Amino acid sequence: MATVQPHVLLIDSYDSFAFNLAALVKKAIPDCTLHVIKNDSHTIQELLPSLSKFSAIVVGPGPGSPDIPTDIGVVCDIWKVANENLVPTFGVCLGQQSLGVENGATIHRLGTVKHGQVSVVKHTGTEIFAGLPDLKVVRYHSLHIRPKAGGEIEELAWSEDEDNGTIVMGVRHLSKPFWAVQYHPESILTDEGGLGIFRNFWKLASDWNTINRPHFRPQATLELSKSHVWPRVSKPYSANAANKTLGKVTFSTMEVPGLSVLRLCEFLGVNDESKRFVFLDSAAHPGQFSMIGCLNDDTAQFTHFVHENHIEESNAHSKVRHELGNKDVWTFFDEYREARKVVGGDRTVPFWGGFAGYLTYEAGFPPLGAGLKREDGHTAINHPDFNMVWVDRSIIVDIQNDKMWIQSLLPNDDAWIQETAQQISELPKGEIPVPTVAQGSSPVSFPDPEQYKTDVKRCQEFLFSGDSYELCLTGQTHITVPKEKTVPTWERYKILRGVNAAPHAGYLRLQPTTFLSCSPERFLSYSRSPGAVCELRPIKGTVRKMPHITREIAEEMLAGSRKEIAENLMIVDLIRHDLHNAVGENVVCSKFCGVEEYETLWQLVSVIEGSLPKDTPEDVDDSLGWEVLRRGLPPGSMTGAPKKRSVEILYNLEGFERGPYSGVFGYWCAGGGGDWSVTIRSVFLHDSEKNGDERWYVGAGGAITALSEPESELEETRVKLNGVLLGFGASS
Ligand SMILES: C=C(O[C@@H]1C=C(C(=O)O)C=C[C@H]1O)C(=O)O
Ligand SMILES: NC(=O)CC[C@H](N)C(=O)O
């Protein structure tokens, strides 16, 4: 007789670590089917008829407090079901707090909150802790419980720290099959307190089911409305790529020693400011490829505002409005690219043509489920949320190896390739002069420093109350360039690049937006199918480079700092969750908190990689990167954790929309693969603020944790702003 797989219900309280938990549960109970619901998607009455079909329930962590109904949702009712409906249940963090509170425990704030902190946990060695040594675990909490003396909750584990004394880290219910821990078993830095605990839980749950639910049998299939089975990696629509004839990339390659990419841009028409232009510029180590889109009047540009239900497609001659109807914008782009999939390019080149452009911070709100209070019309800053062109012709330069590819997706385009190659071979060699800018030429309006420091403290209030573990607070700075001091935006880019060369730089002129970036941070890159691999590289932790700051000192200041490691760890855990959501189980952190050197800064960087299961159909693999963007924006390093609650808090607190700042820019290759950088250290100009005085805006911020000092946070934003301001003859 074939064995039927157990079904496990995971209740997510809108945490940014829930899919890490899903992956851990799946490791501990490999053959289980995991059904995921949100804590507010069902009432307990709706759940009751299905509960008896689950072998076990896992209640995840989350923002807020177990005694606030909108924070805890249906979780508080799970502990109160009648005996005949009991299901073995495991609670994590908020889950433990809820189990406690519903059984007479009192809830308290920690004297010193613990977010991304590692603690030693001692325990009884019984129940879920059976056979485990002392544990090293990660904590993300502001609240904790004290069980009622003589009540039903038995303490099983404790941490001991100088600031908070003894804190309960693990419990069980004396007469019901409920266990819970206060720490985060699913964190990357938690040791056997992760898998070991869940294996023990599964054994206890199975034993309990055998004794107390003798007639219980897992069902072959289990349908629960408003739930999904994790992992959910198929496309949300049916692909029609099968058997279609794929287009072919044509390309020519040549050695270009001494050729300046800036000169190449000028040859390709960047100086005509009335035309669109796309240049993704690996302007500094460790960048390798620079990409130029060779746009013309026929090039299709796509813009979309997230509060609207259409996409505008335009070129120099015409505009078309695509009504989205029930389709979401992500699917529109996915289908568009899939219909134009190409093969035959040089696989060492990451981009053969395809989509290039930017997505704003707010572009990530709808998939996240975060509310947007945008009024009819546009955002205050008016930049489209999706702004991309479809690049048919492109030039890629490998700046490390002085090699160039001229590529076209258009049929019969050899003549253009040959002619362009010929003209480029005749260009003069050597760098072109970079303009300089006079000091003091552009007045700057900074966020009010006192207000910023107050906002740091307001953020910390949300950290103390348990609503967030980390908040990336940002401010907006405006630079006004008086009409008589304006220079073409391309000149401005060259100045900026000269003072602040960055590996993920870029110049995008996608009307109405001009976008100049010196970003040091990659958000996501992904390789082509088959076997596409996604790589994310969050940066948290920044030190300004100065003569006395050697690598050793920078390492001490970053990798040796509890605060910096905690900030980085939180984002690593958040990104693992985003990736586990998109790819399922195959997620690894290949670098944890490495110190990397950039032109003007030292930064603490981690690398997380994910890939789909081996047997994934190619069309799903091709869309993987786009799906990771859909499920992973806004970038975790620009929000904080848990993401949804943190985004909502910041939206209210900052009081403005971030627009392109904090979003991503980059490309998605027509042959699969792509690369998106985090839009930081960047300036933006809207066409409506271009005639007369120019009004540029630039965002800057940093992660606020409970350990942050308002003054040093302010200083950190100044450091980040400075590189950009130098390009305007200003400084912070
Ligand atoms: C918020 C910014 O940067 C982000 C925050 C960082 C930090 O807190 O150390 C580092 C890089 C970015 O992820 C910014 O540059 O404006
Ligand atoms: N990680 C969590 O579940 C946190 C629970 C609760 N919000 C606290 O801060 O204590």
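Student: Which residues are closest to ligand 2?

Tutor: A residue is near a molecule if one of its heavy atoms lies within 4 Å of it. Here 14 residues surround ligand 2, the closest being Gly-64, Cys-93, Tyr-140, Leu-143 and His-184. This is a predicted model: local features need pLDDT of at least 70, side-chain atom pairs need 80 or more, and totals for chains, interfaces and linings use all residues. Residues are numbered from 1 along each chain as written, chains are lettered from A and ligands numbered from 1 in written order, and side-chain values use heavy atoms, without hydrogens and water.

Student: Which backbone atoms lie 2.8 Å from ligand 2?

Tutor: A backbone N or O atom of Tyr-140 is 2.8 Å from a ligand 2 nitrogen. A backbone N or O atom of Leu-143 is 2.8 Å from a ligand 2 oxygen.

Student: How much of the accessible area of ligand 2 does the protein cover?

Tutor: Accessible areas come from the Shrake-Rupley method with a 1.4 Å probe. On its own, ligand 2 has 290 Å², and the protein covers 100% of that.

Student: What classes make up the shell around ligand 2?

Tutor: Ala, Val, Leu, Ile, Met, Phe, Trp, Tyr, Cys and Pro count as nonpolar, Asp, Glu, Lys and Arg as charged, and the others, Gly among them, as polar. The shell has seven nonpolar, seven polar and no charged residues.

Student: And empty space?

Tutor: Rolling a water-sized probe over the atoms shows where it is left. By class, the lining of the largest pocket has 15 nonpolar, nine polar and 14 charged residues.

Definitions and conventions:
Polar contact = N/O pair within 3.5 Å; in protein donor to acceptor, adjacent residues only side chain to side chain.
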